[in-house]
Amino acid sequence: MLRKTILIFVLVLSISIFSTGNTATAAGKESLTVYYFHTTYRCHSCTLLEEYTREAVMKNFPAELKSGRIKFVSLNVEKDPNRHYVQDYQLSFKSVVVSVRDEKGQEQRWENLSKVWVYLRDRDTLAKYVVERVRANLKEVPRA
């Protein structure tokens, strides 16, 4: 029970620190954003997907998160001003998208991590997949 309480505390703290909902990037600073897109209704699987994805990013990229080179953002696509992401990324359901932005804040490339749902029942495989795809896209983001 104590472990679960600590995990919930860490997740809530993480949300308040890393989920700004603002995708604007400061000029002169290239970055990679890992988005978790959801709707207002969130089933248990949807909540787990966000938790596992956030955990994979936080555990494997702490320095990049601290420096702002990587961001994790969870957004409800049913709320304004987030509705445009459905069209921008051709979203048809809850999704994890990795976006690379240049020093001017312009998106250079993005990838929908479509296999996250396939791996949802295997936390370790899901984490490895997310980390692999983030690392692959991070190569496009120079170190500050």
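1. Val116 touches Leu49, Val96, Leu126, Tyr129 and Val130, leaving aside its neighbours within four places in sequence; contact here means heavy atoms within 4.5 Å. A word on the basis: this is a predicted model, where local features need pLDDT of at least 70, side-chain atom pairs count only at pLDDT 80 or more, and totals for chains, interfaces and linings use all residues. Residues are numbered from 1 along each chain as its sequence is written, and side-chain values use heavy atoms, with hydrogens and water left out.

2. Val116 is also among the residues with the most contacts inside the largest nonpolar core, which has 26 residues. Such a core is a set of buried Ala, Val, Leu, Ile, Met, Phe, Trp, Tyr and Cys residues joined through side-chain atoms within 4.5 Å, buried being under 20% relative accessible area (1.4 Å probe, protein chains only). Another core, of nine residues, lies apart from it and includes Tyr89 and Leu91.

3. Now to Val100, which sits in strand S3 (residues 95-101); strands are DSSP runs of E, at least two residues, numbered from the N terminus. Val100 is buried, at a relative accessible area of 2%. Beyond four places in sequence, its contacts include Ser31, Leu32, Asn137 and Val141. Glu30 is 70 residues away in sequence, yet the C-alpha to C-alpha separation from Val100 is 7.7 Å.

4. S3 and strand S4 (residues 107-112) run antiparallel, joined by five bridges; pairing requires at least two DSSP bridges. Val100 stands opposite Arg109 of S4. Five residues lie between the strands, and Gly105 has a positive phi near 85°.

How values were computed. Helices (H or I, at least four residues) and strands (E, at least two) are DSSP runs, numbered from the N terminus. Buried means under 20% relative accessible area, exposed over 50%, partly exposed in between (1.4 Å probe, protein chains only).
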